[in-house]
Amino acid sequence: MTEKQLKELLADLSFQEKLGEIQQITGAYFGDSGIVTGTDEDHILNEDEVNMSGSVINVVGAAKIREVQEEHIKNHPHHIPMVFMLDIIHGFATSFPTPLAQSCSFEPELVEAIAHETAREASVSGQHVTFSPMVDICRDARWGRVMESYGEDPYLTSKMGAAAVKGYQGDDLSKEGTIAACVKHLAAYGMVEAGREYGTVDTSERFLRQYYLPAYKEACDAGSALLMSAFTANGGVPATADKHVMVDILRDEWGFDGAVITDYGSTRTMKSHGVPETDAQVAKLALEAQIDIEMCLYCYHNGLPELLEKGEITMEQIDRAVYRVLQLKNKLGLFENPYRYTDEQKAYELKNNPEALALARESVSRTVVLLKNEEKILPLNANDNKKIAFIGPYVEEWDMYGGWSIRNQHKIDVKNIHTAVSERYPDGDFVFNDGCMLLGDDEEMVKFSPKRAQLYKEYIETDHKSRKERIAKAVEDAKNADTVVMCIGEHTKIGGELSSRANIVIPKIQKELFDAVAEVNDNIIVVLFNHRPLDISDIAEKAKAVIVAWFPGIMAADGITDVLFGDKAPTGRLTMCFPHTVGQCPIYYAQLPTDHSPVTEDYYVTGFIDCPLTPLYSFGEGLTYTEFEYSNIKLSKDTLSEGETLIASVDVKNIGDRDGVETVQLYIRDPYAAVSRPLKELKGFKKVAIKKGETVTVEFQLTTEDMKFYNVELEYIWEPGEIQVFIGPNSTIKEHIDFKLV
Ligand code: GLC
């Protein structure tokens, strides 16, 4: 449709139809046949109102979506199609590594490829919008949703979020194989106090703009068709009512003209923040913040009519929201083809398509992070007549998908590590023993959240006799083996939304197993399955090798086997610090300098008297199966002015005995400025393949744009003065080379 036609359509809509366009419903209204089955006890819309809804969340399946759309167009007074939206967070038919894992690849092109494949699968299955990418900056491992983020760093998160948008949307949203992205959650949901879910956020305007907003802006600039407001309140102002962020910054400063949708009921949850009391007050605040679509919970439906009648809002405000929804539908090509690219046959064929599975498998080695590899115990050699015991629940567990997975399609056809290793090396001298269940009934979560524990009851060991016997058997296997590979970690469902944890250790029953095995065998390799950085201090001390696998998705088992036996080298790097203990949280590499630190490290951050200052493993850290040497760090000039480009270069030599891949990172520090600036800030990264014995020169470009920050007056400026440049393998680099901004 042309803009003129859209405007004519808008002018022709009744108030009820306009209300419908901006009020999203859930798929719960539609029975199996796709026909509206009337209201159910949770929902308040009548059939006519459902027939006027502009969008729906959580309808899954190509055939179902076609039926629902067909019925909808027939019954809608202007036959306007609905938009189908879903959380498609790390894969659709093919489950890929979680976003936090993906970020550890330091490869925006991998994130883009995964998003592109995801869009291909989701679009033929009838989906139009995914509520992704999530680009909340996360620095506290206690928060369950860190698994959905790209980690702690604004620069890296910005690159990954923009790549995901491009992967989902391509360059034309009306084209085949695309779905609309919805960047979320504006703003700073990841900064919830102490990682407490839906908790208080309180950022200064300066830090909001300097660290927490850039990634949302990059995703908007990359063309994200939608944006989602957060549940949280920042400084006491609910995000969904925050005109300063939603209008002054998002609309006026950034020029975002896409559709803004609330989080699931984040309108109504404003009442829980104690700001509005009635639905009408909620609706007024949200509309004034230019929220275009309310996701469920019906405050717009309940509140807008009376507000309009009382003259407290205007039809223009409503029309603006409705028009953005119509524009979204137009971008998606829905007026020309309401079924878009829905294709039941293709959706079926894409369920296990070889190229997606190959990408999923390839993603594993590029996202797992090798944190320790003492005595080069890895990679394993299946033909060295050594007995290897694979022990731990994740030896036999198939579900390594992580939170937000549409996992119900794969239970029949996915391998576990036992099957993958046995298939690969049928003559290997192996023993496989899960050793224990994923959870024990002594787990805090089981005690403090009995309702949630009920969800996982088939994973909880309640028989203490069996617990002891199974661990004893596993210890026997460990005793008789040369090497033990322990596959342990968090439960796949204890990650994502509503999964904040005060203790970030592996389940007690698994730690009991690990400790018992460590008593009888020194050659332990740990493969850790985790949603978030965990406190693995004791494990890392006792194990000779630690691989952080995160949750790698449908090809986890083959991908991990590739890494364990060296077919693929691990090349991931941490994008969130691992603390020594939960008491260190939040902890991140880009700390602000200070003094009076209780120890004399040249790392000027405050700390504790009973814990090291720095994290156990820091941002950017990760090993591989070869080593690299850095030399000849150079700057093309020793001063930099506006409009100029400075080249920073370094020689990187592969001094190991096999070809490898290194992620070269560039950080800067502005040691003295109008406001306190971080000890380091990532401003460049390059992942380069280097053959054994060879040297590669890696170059980075810096301009004054990279040096800008918000000063006391909140002006975004750079200042004359010294800048330190750090180039190396991770954020713990100490040596730097300097230049002057002039
Ligand atoms: C959830 C999440 C949000 C998700 C939405 C729809 O509560 O906060 O990320 O996209 O609701 O499921």
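User: How far does a polar side-chain atom of lysine 184 lie from an oxygen atom of the ligand?

Analyst: The model is predicted, so local features need pLDDT of at least 70 and side-chain atom pairs count only at pLDDT 80 or more, while totals for chains, interfaces and linings use all residues. Residues are numbered from 1 along each chain as its sequence is written, and side-chain values use heavy atoms, with hydrogens and water left out. A polar contact is a pair of N or O atoms within 3.5 Å; within protein, one must be able to donate a hydrogen and the other to accept it, and residues adjacent in sequence count only if both atoms are side-chain atoms. For lysine 184 and the ligand oxygen, the distance is 2.8 Å.

User: Which distance separates a polar side-chain atom of aspartate 263 from an oxygen atom of the ligand?

Analyst: Glutamate 497 has a side-chain N or O atom 2.9 Å from a ligand oxygen. For aspartate 263, the corresponding distance to an oxygen atom of the ligand is 2.5 Å.

User: How many disulfides does the structure hold?

Analyst: A disulfide is a pair of cysteine sulfur atoms within 2.5 Å. The sulfur of cysteine 104 has its nearest cysteine sulfur, that of cysteine 577, 11 Å away. Cysteine 138 is too far for a bond, because the closest cysteine sulfur, in cysteine 585, is 12 Å away. The number of disulfides in the structure is zero.

User: Is cysteine 104 buried or exposed?

Analyst: Buried means under 20% relative accessible area, exposed over 50%, and partly exposed in between, with a 1.4 Å probe and protein chains only. Because its relative accessible area is 0%, cysteine 104 is buried.

User: Where does proline 379 lie?

Analyst: The peptide bond from leucine 378 to proline 379 is cis, with omega near 0°. Helices (H or I, at least four residues) and strands (E, at least two) are DSSP runs, numbered from the N terminus. Proline 379 lies in the loop between β11 (369-373) and β12 (388-391).

User: What is the relative accessible area of lysine 376?

Analyst: Lysine 376 is found in the loop between β11 and β12. Its phi is near 45°, a positive value in a residue other than glycine. Lysine 376 counts as exposed, because its relative accessible area is 51%.
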